[in-house]
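Please keep the sequence and the model in view while reading.

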Amino acid sequence: RRSALTQAEARRNLVDTVLAGRTRDRNVLLRAGLIPPEDQTNANTNANANANAHANPHKHLPSASSASSSSSACASPARLLLLMFGGQSIGAKGSRSSLGFRPAADALPPNWTCVVSHGAWPFENDKDDDEEEDDKLCTHGRFVRLPRDAYIPDVIKAADCVLGKIGYGSTSEVIVHRVPLIFITRAHFNEEPSLRNLLFKHENAIEMPKDDFVKPWADYLDRAVRLQPNFRGPSDGAEKAAAIIPEIAHKRDARGKQKQNANRSILNFNINLNPKQNPT
């Protein structure tokens, strides 16, 4: 999946619409590092104006061209990290898929804010079963939980770095958007070596040992933003897959009919050899 936005557009929409629109309290935005102190008055006005936009949430972030520059009152954080682990929670108690660890209190350097995919939220105020929580801005220090309907390719485009595991989706999306990935190796995923090699080939990733996840991340973030991802190839895999799938389905259908006809021929042959088996 690809984002159609530039990084500036994706960042502005993420802060102004997806996050600021879910709170009327500007102090929440300030504490999370989403806006600098000088923008707090405008941010409060902007949050009130955007609150109604989430009565009908959309998976894709709205294009920045649909809003005037005066409506983009929230300034972007200095650096933005996206933390995602697919559908897995990484630390919330009681979660069946919890990986059993969570960020340290001093994980983020002072100039970083971290947005966390909804399912990966690692803190105690996790309420997966409460649908109303999707309409509120859930924060923990400078960690901010994304709503369920956030379009992750747009968030990746907005981010300076991604922290998570290697998967087919995350690998392809960070490579296409040329956003550095800090990845934690996971056991029992046989495809990881090939995906790891692909990331390294395009200077798109560095590895973090699992034990370091619970330590400060400053060194890894500094190394990651110095990477120069270099993928310049085609990114039309979805379109190609959409064209191939009907062809495969058609061929399978044709083979199925051929096999069905062959089975009928065998049945008729057996019936002719053994008339007593003829059901008629």
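**Helix α5 and its surroundings**

The buried residues of α5 pack against β1 (79–84), α4 (152–158), β5 (161–164), β6 (181–183) and α6. Here a contact means heavy atoms within 4.5 Å, and buried means under 20% relative accessible area, with exposed over 50% and partly exposed in between (1.4 Å probe, protein chains only). Helices (H or I, at least four residues) and strands (E, at least two) are DSSP runs, numbered from the N terminus.

The model is a predicted one, in which local features need pLDDT of at least 70 and side-chain atom pairs count only at pLDDT 80 or more, while totals for chains, interfaces and linings use all residues. Residues are numbered from 1 along each chain as its sequence is written, and side-chain values use heavy atoms, with hydrogens and water left out.

**Overall picture**

- The protein has 8 helices and 7 strands.
- Of its 280 residues, 42% count as buried.
- Among contacts with a separation of 6 or more, 71% come from residues 24 or more positions apart.

**Residues of α5**

- Ser-170, Thr-171, Glu-173, Val-174, Ile-175 and His-177 are the buried residues of α5.
- Glu-173 lies in this helix and is buried, with a relative accessible area of 6%.
- Leaving aside residues up to four places away in sequence, Glu-173 touches Arg-1, Ile-152, Pro-153 and Ile-156.
- Arg-178 follows α5 and has a positive phi, near 55°.

**Packing of α5 with α6**

- Two packed helices are described by the angle and the distance between their axes.
- The axes of α5 (residues 168–177) and α6 come within 11 Å and cross at roughly 10°; axes are lines fitted to C-alpha atoms, for helices over the stretch in contact, and angles run from 0 to 180 degrees between N-to-C directions.
- This makes α5 roughly parallel to α6, given that angles under 35 degrees count as roughly parallel, over 145 as roughly antiparallel, 65 to 115 as roughly perpendicular and the rest as oblique.
- Tyr-168, Thr-171, Val-174 and Ile-175 of α5 meet Leu-195, Leu-198 and Leu-199 of α6 in this contact.
- The contact residues comprise 6 nonpolar, 1 polar and no charged; Ala, Val, Leu, Ile, Met, Phe, Trp, Tyr, Cys and Pro count as nonpolar, Asp, Glu, Lys and Arg as charged, and the others, Gly among them, as polar.

**Salt bridges**

- The whole structure holds 9 salt bridges, each being a side-chain nitrogen of Lys or Arg within 4 Å of a carboxyl oxygen of Asp or Glu.
- One of them joins Arg-196 and Glu-207 (2.8 Å, N to O).
- Arg-196 lies in helix α6 (residues 192–201) and Glu-207 in strand β7 (residues 205–207), so this pair ties together parts that are 11 residues apart in sequence.
- Glu-207 is partly exposed, with a relative accessible area of 33%.
- Arg-223 pairs with Asp-219, their closest N and O atoms being 3.7 Å apart; the two are 4 residues apart in helix α7 (residues 218–225), separated by about one helical turn.
- Both partners count as partly exposed, Arg-223 at 37% relative accessibility and Asp-219 at 47%.
- Arg-226 and Asp-222 also meet in a salt bridge (3.1 Å, N to O); Arg-226 is exposed at 62%, whereas Asp-222 is partly exposed at 35%.
- Salt bridges with shared partners join Arg-11, Arg-79 and Asp-160 into one network.
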